[in-house]
Amino acid sequence: MPPAGARPMSARTTLLQPLRVSVALATIALTLSLGFLALTAWHSAYRLDPLENHIRQIQGLQQTDINIGKLLTRHLANHQPPSPAELQHIRDELDGLLQQNAQLSPETPENLRMASDYLALPIDNPSSNLIGALSLIRKVLTQENILQRQAIETARQSADEEFTIALIALIATPIIALAVMAWLRRRAFRAVSRLSELLDNVASLRFVDIEPLSENDPLAPIYQHYNEMTASLRTVSQQSREQTDQLQSQVRAASETLLRQQAELENGAKMAAIGEFSARLAHELRNPVSGISVALRNMEVELDDPDHRERVGLIAEEMDRVTRLLNSLLQNKSFTLEAPVLVSSDQLIGDVVKLFGYRLPKHVSITLDSQNNSVILPRDTVRQVLLNLLKNSCEAIGDRPGTIAVSFKVDDNTACLTVADTGPGYPETLLTRGIRPFQSGKTDGVGLGLSIVQHLVRGTGGDIQFGRGPNGGAMTIIHFPCEEPDHAHDHHH
């Protein structure tokens, strides 16, 4: 029994205790690890600073040794005594080494002063003074090198000790953490295991009552609510079985109704497919028929022979009637896939751009950026897609001066066709909701141009993206799967 006045641990505290202890252990371990790394780094830096300064002093001593040796060699060879400026330069170097105060031997400062005194003016016997200064410098170098090796050895031993301590900590920390987690599993996770048992009972539809582990079990309120829930679930389960029998008979009747409706929907889908095919065919035929009509009307004006003009007028009226008929047929979907063939990208794209350029107004220019590649593509499909995009761009620019930029690149068995213009750009609804057939932003459009382009691209296994270009106009990026001739040859074999 708990002591009088003591409150049992709440269920929330019991469930969160393992997490809190785990987080606390991880925080402590991380803090200790980081602290030890920081201490090790500080010790390493503290040991290296004096050694770096000492190395610089030894380098200065070696340079001074070399300079004195040069003066002595020159004097002995040519009987040319060192100049006062040369002696003063060496004494300045010795003074600089004294000011560094980076020596390890306590005798070094006195020896450096004595060497400087040997070089003080006036010098009666240059060879003797230079030899004396050189001997002192080399004595200092010998002492400092010995002490430097000892300091390096001491630093290495300290580093080895720190590495040993870090290795022990690395091995001991997981072991301690595992031991603590095992203890937590026995003490703190017992309540979690009991809750898991309750959830398993619910998952397997075993609606049995459960009793607390002890009088002060912190999960006793949860057990009480669980028992109440199981009693309700037993009642609901019985009612559910009764309702299931009733629903089965209703489902049979609904299934028969759905089958009849499905047959009706299939007939409607067939009719919709026919309507879509008619609409697409009419859309693709309307442009050339319209061009023929315009040409016939021009011929009608240009012909001088009344008889010929009358005949051409009759033909033009028939073409106008065909155009009206096609417009009336514009409704719904479907295309036949084209077999890919080997083409030159410059010839494929360049010819289309050149052909379309003849019909461009003077205030609209077109640019082409293409790499010449021999690739296997559905030629007519690519031409039709590009012509539709160029036509849309030209119509979007309208009477304003503008530019249409075409780019065609081939990389890693993918052909990328990009068409960008300086027009007003795609409507926001198209960019957010995608292409909707029979919805057009043009007053005289029927909303099938981009839908046909999308259908053609997807029919080749490619993808199409609509966005805004760098100048704010419309930009269309299309990726066609393609093959290089060598790869395609291997594939066919």
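1. Helix H11, residues 449–459, is mostly covered in this predicted model: 8 of its 11 residues are buried. The buried positions are Gly449, Leu450, Ser451, Ile452, Val453, Gln454, Leu456 and Val457. Just after H11, glycine 461 takes a positive phi of about 90°. The helix lies across E6 and E7, and its direction is at about 140° to E6.

2. E6 and E7 belong to an open sheet of 5 strands, ordered E2-E4-E5-E7-E6, in which the pairing is mixed. At the edges are E2 and E6 (463–468), each of which pairs on one side only. From one strand to the next, the twist averages 15°.

3. The parallel part of the pairing includes E2 and E4, joined by 7 bridges.

4. E4 and E5 run antiparallel and are joined by 8 bridges. Here valine 410 stands opposite alanine 415 in E5. The hairpin of these two strands has 2 residues between them, and one feature of the turn is aspartate 412, with a positive phi near 55°. Aspartate 412 is not a glycine, and it sits in the loop between E4 and E5. Is this aspartate 412 buried or exposed? Its relative accessibility is 66%, and the cut-off for exposed is over 50%, so aspartate 412 counts as exposed.

5. E5 (residues 414–421) also pairs with E7 (residues 474–481), in the antiparallel sense and over 7 bridges. Threonine 414 stands opposite proline 481 in E7. E5 is mostly covered, with 7 of its 8 residues buried.

6. Helix H8 covers residues 345–357, and its length can be checked against its residue count. The buried residues of H8 are Ser345, Leu348, Ile349, Gly350, Val352, Val353 and Phe356. In general, an α-helix has 3.6 residues a turn, so residues three or four places apart point the same way. The surroundings of the buried residues of H8 are strand E1 (341–344), strand E2 (364–370), strand E3 (374–377), helix H9 (379–397) and strand E4 (402–411), against which they pack.

7. How do H8 and H9 pack, and at what angle? The angle is about 35°, and the axes are 10 Å apart. H8 passes H9 in a right-handed crossing. On the H8 side the contact is made by Leu348, Ile349, Asp351, Val352, Val353, Leu355 and Phe356, and on the H9 side by Arg379, Val382, Arg383, Leu386, Leu387, Leu390, Lys391 and Cys394. By class, the residues of this contact divide into 11 nonpolar, no polar and 4 charged.

8. A cis peptide bond joins leucine 121 and proline 122, with omega about -5°; proline 122 is found in the loop between helix H3 (108–118) and helix H4 (126–187). Asparagine 101, which is not a glycine, has a positive phi of about 55°. Asparagine 101 is found in the loop between helix H2 (84–100) and H3. With a relative accessibility of 55%, asparagine 101 lies over the 50% cut-off and therefore counts as exposed.

9. For the chain as a whole, there are 12 helices and 7 strands. Buried residues make up 30% of the 493 residues. Among contacts with a separation of 6 or more, 71% are between residues 24 or more positions apart.

Notes
Residues numbered from 1 in each chain as written. Predicted model: local features only at pLDDT ≥ 70, side-chain atom pairs only at ≥ 80, totals over all residues. Heavy atoms only, no water. Helix = DSSP H or I, 4+ residues; strand = E, 2+ residues; numbered from the N terminus. Expected span 1.5 Å × (residues − 1). Buried < 20%, exposed > 50% of the residue type's maximum accessible area, 1.4 Å probe, protein only. Contact = heavy atoms within 4.5 Å. Axes fitted to C-alpha atoms, helices over the stretch in contact; angles between N-to-C directions. Left-handed = near helix turned anticlockwise from the far one by under 90°. Nonpolar A, V, L, I, M, F, W, Y, C, P; charged D, E, K, R; others polar. Pairing = 2+ DSSP bridges.
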